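Hello,

Here is the structure I promised to hand over. Please open it first, and then read on for what was found in it.

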Amino acid sequence: MNLFPKTLCCTLLACWLFSPVQAQIGKPRNVMSLGFNAGYSFNKIDFDPTVRQSRLGSPTLGVTFRYTTEKYFSTLCSFQAELNYTKLGWKEDIVNASGDPLPDTYQRNLHYLQLPVLARLGWGREERGLQFYFLAGPQVSYCFKETTEQSSVWTLTDNGTPDRPNGMYQQYSLPIQHRFDYGITAGLGLELNTKVGHFMLEGRYYYGLGDIFGNAKKDVFSRSANGTLLVKATYLFDVLKY
């Protein structure tokens, strides 16, 4: 698990370091595009110690800006930024200490504004037709609201605490301590270029590097970070092209 962010960071660093070289020998492009995006996210919180959960699904939507800078051999190089709204958090799959399902339910909804800043590499038809692309980069987010959904009655142990397989129930009373979130995201997609605009369909994964709860030795969790699978569609139109 730890190898993924390190490998991706090295890849991103290489892309940015080699961009000045590309600018010298590539074919320049100056295309600014604007549009909107919408999709569906599936989030889990990576807890340590573990909290049993299923992925929390939620719609996401936002606006997209893309600036295409050059074509380097067969690779079309772009910079892309977005401002998105999404709901993350976690939905628990609750069982008792013996592993039997319980009627208890718990879901924490975390409402975020997200700002991914991405390097984008595309291959295929630039004007009319299909293009395959890869994008990756850092993402920062801010949680501006949190809500909780839970069953009215808890299944309790003999000592009055919620019956959970590893005794983890402290998350129920913990408010979000770190509303600012940061991490890295990467994805693959297909773009259909037409005379009326650009239509894209892609999949992404976001790996959170920040924790929503405190992670000091005195705290309950040593890790509590977002991990999001995202499927989204984007429409862009060119506002400047030469």
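In what order do the elements of the chain run from the N terminus on? They run α-β-β-β-β-β-β-β-β-β, which gives 1 helix and 9 strands. Here helices (H or I, at least four residues) and strands (E, at least two) are DSSP runs, numbered from the N terminus.

Before the details, a word on how to read the values. This is a predicted model, in which local features need pLDDT of at least 70 and side-chain atom pairs count only at pLDDT 80 or more, while totals for chains, interfaces and linings use all residues. Residues are numbered from 1 along each chain as its sequence is written, and side-chain values use heavy atoms, with hydrogens and water left out.

**The chain as a whole**

The chain has 242 residues, and 44% of them are buried. Buried means under 20% relative accessible area, exposed over 50%, and partly exposed in between (1.4 Å probe, protein chains only). Of the contacts between residues at least 6 apart in sequence, 73% join residues at least 24 apart, where contact means heavy atoms within 4.5 Å.

**How the strands pair**

Two strands pair if DSSP finds at least two bridges between them.

- S4 and S5 are antiparallel, with 14 bridges; Gly 89 has Asn 109 in S5 as its bridge partner.
- S5 and S6 (residues 129-150) also run antiparallel, joined by 17 bridges. Leu 113 stands opposite Tyr 142 in S6, and a hairpin of 4 residues links S5 to S6.
- S7 and S8 are antiparallel with 12 bridges. Their hairpin passes through 2 residues, and Thr 194 faces Gly 197 in S8 as its opposite number.

As background while you look at these strands, in a regular strand the side chains alternate between the two faces of the sheet.

Leaving aside neighbours within four places in sequence, Ile 94 is in contact with Pro 101, Leu 102, Asp 104, Thr 105, Tyr 106, Trp 154, Arg 164 and Tyr 172. The C-alpha atoms of Ile 94 and Pro 165 are separated by 8.7 Å, although these residues are 71 apart along the chain.

**Cavities and a pocket**

The search used a 1 Å grid over the protein atoms alone. A cavity is a set of points where a 1.4 Å probe fits but cannot get out; a pocket is an open set with protein on both sides within 12 Å along at least five of seven lines; and lining residues have an atom within 4 Å of a point. Grid points are joined across faces, edges and corners, and a volume is the space filled by probe spheres set on the points.

How many cavities of 30 Å³ or more are there? The count comes to 3. The largest cavity holds about 130 Å³. Its lining has 14 residues, and Arg 66, Thr 68, Leu 76, Glu 126 and His 198 are the closest to its centre. S1, S3 (56-72), S4 (75-92), S7 (180-194) and S9 each give two or more residues to this lining, which is made up of 2 nonpolar, 6 polar and 6 charged residues. For these classes, Ala, Val, Leu, Ile, Met, Phe, Trp, Tyr, Cys and Pro count as nonpolar, Asp, Glu, Lys and Arg as charged, and the others, Gly among them, as polar.

The second largest cavity has about 110 Å³ of space. Of its 14 lining residues, Gln 114, Gln 139, Tyr 206, Thr 228 and Leu 230 are the closest to the centre. Two or more residues come from each of S4, S5 (106-124), S8 and S9, and the classes are 5 nonpolar, 8 polar and 1 charged.

Finally, the second largest pocket has a volume of about 160 Å³. It is lined by 16 residues, with Lys 44, Ile 45, Asp 46, Phe 47 and Ala 225 nearest its centre. S1 (27-48), S8 (197-208) and S9 (223-241) each supply two or more of the lining residues, and the lining divides into 7 nonpolar, 5 polar and 4 charged.

Enjoy exploring it!
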